[in-house]
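Trainee: May we go through this structure together? I would like to start with the ligand and then turn to the helices.
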Amino acid sequence: MTNTPIINVTDLHKTYGKKGEKQYEALKGINFKMESGEFVGIMGASGSGKTTLLNMLATLDKPTSGTVEINGQDVTKLNGNKISDFRAHQIGFIFQDFNLLETLTAYENIALPLSLQGVNRKEIGTAVAQIAQTLSIEDLLDKYPAELSGGQKQRVAAARGIIAKPALLFGDEPTGALDSNSARELLELLKRINYEQLISILLVTHDPFSASYCDRILFIKDGVIGQEIKRDGRSRTEFYQEILEQLGTFEQ
Ligand SMILES: Nc1ncnc2c1ncn2[C@@H]1O[C@H](COP(=O)(O)OP(=O)(O)OP(=O)(O)O)[C@@H](O)[C@H]1O
Ligand SMILES: [Mg+2]
C-alpha cells in the first residue's frame, strides 16, 4: 500500500481574463506529486506562473481546468464554508507581502488561525507564547503591523502560518523581505518544523539559498514544469551549487 500524496496536481491550467477579452494562459498543464513530509521548492523566472500555481494549490483561486488533490481531496471542487474549513485545518501560508491585518496587534494576528478554529483563550495564549519565543518576537506582540520593520512583520507572518500546525505550509518568497541572518533563521525554523512536526512545506522562491533548504526543486518555465532536481543526501552547500548551475542553464 502506498501513502496518499499530500499534493497531487493533474493537468492544471489557468487562463486569466474572460472569454472575448484579453486572455493570458499562465499555467499550461502542470503535473506533480508531493509526498507527505516533503520540503519542496518551486523556482522559475518572474512571470513564469509560480504565484499562480501556489494560489490554485492553496484554494485562493480556481483553476481553469485540471485537479488539485490535497491529502486525497479535490480542493478545486470545494465551495464557501468547506473552503474556509479546509484552509483553517489543513494549510498555513506565509506570503511575500505578509498579509497581516493592520487593525490587529501582532499577538492577535498570530492567534487568528486558532481563534477561527474556536480554540479557547488559554490554549491560544500558551501557543502564541511558545511560537513567539521560537521566533524571538516576544517583545513585539503588543505592536501593530505599522509599528514593525519588514523583517519583524515577516516573522509575525511566519508565526501565524505555523501556529495551527497545518499539515501543509505554503510559502511565497517568505524570506524576500529579510536580511540574510533573519532569512537563515526562518529557513532553519522551517526545516525544523518540517522535520520535527512533519509539516509538509511548499516554498516558492527566486533565491537559490532559500531553495537549498528543500529536498527537491521543481523548475517552472512559461507555465509548465521543465525540470526537477533532488538533494538526495548531499550537503546543503553541494545542493546550492547544483541549483546555481540549473538556474544558469534554465532561466534564459
Ligand atoms: N490576475 C491576473 N490577470 C492577468 N494576468 C495575470 C494575473 N496574475 C498573473 N498574471 C500573469 O500570469 C503570469 C504569471 O504570473 P505569476 O504571478 O504567477 O508569476 P510569478 O512566477 O509568481 O512571478 P514573480 O516571480 O514575479 O512573483 C504573468 O505573466 C502575469 O502577468
Ligand atoms: Mg510571484
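Predicted model: local features only at pLDDT ≥ 70, side-chain atom pairs only at ≥ 80, totals over all residues.

Trainee: Which residues are around ligand 1?

Mentor: The residues around ligand 1 are Y16, Y24, A26, A45, S46, G47, S48, G49, K50, T51, T52 and H206. By type, this shell divides into 4 nonpolar, 7 polar and 1 charged.

Trainee: And which elements each supply at least two residues of that shell?

Mentor: They are β2, residues 24–34, and α1, residues 50–57. The element that gives the most is α1, with 3 residues.

Trainee: Which polar side-chain atom lies 2.8 Å from an oxygen atom of ligand 1?

Mentor: That atom belongs to T51. A polar side-chain atom of H206 also lies 3.2 Å from an oxygen atom of the ligand. In the case of G49, a polar backbone atom is 3.0 Å from a ligand oxygen.

Trainee: How much of the ligand does the protein cover?

Mentor: On its own, ligand 1 has 640 Å² of accessible area, and the protein covers 60% of that.

Trainee: Let us change topic. At roughly what angle do the axes of α3 and α4 cross?

Mentor: The axes of α3 (residues 106–116) and α4 (residues 121–134) cross at roughly 125 degrees and come within 10 Å. Angles from 65 to 115 degrees count as roughly perpendicular and those over 145 as roughly antiparallel, so α3 is oblique to α4.

Trainee: What about α3 and α5: how do their axes meet?

Mentor: The axis of α5, residues 150–162, comes within 7 Å of the α3 axis, and the two cross at roughly 25 degrees. An angle under 35 degrees counts as roughly parallel, and therefore α3 and α5 are described as roughly parallel to each other.

Trainee: Is the crossing of α3 with α5 left-handed or right-handed?

Mentor: α3 passes α5 in a right-handed crossing. The crossing of α3 with α4 is right-handed as well.

Note on methods
Residues numbered from 1 in each chain as written. Chains lettered and ligands numbered in written order. Heavy atoms only, no water. Near = heavy atom within 4 Å. Polar contact = N/O pair within 3.5 Å; in protein donor to acceptor, adjacent residues only side chain to side chain. Areas by Shrake-Rupley, 256 points an atom, 1.4 Å probe, with all protein chains shown as cover. Helix = DSSP H or I, 4+ residues; strand = E, 2+ residues; numbered from the N terminus. Nonpolar A, V, L, I, M, F, W, Y, C, P; charged D, E, K, R; others polar. Axes fitted to C-alpha atoms, helices over the stretch in contact; angles between N-to-C directions. Left-handed = near helix turned anticlockwise from the far one by under 90°.
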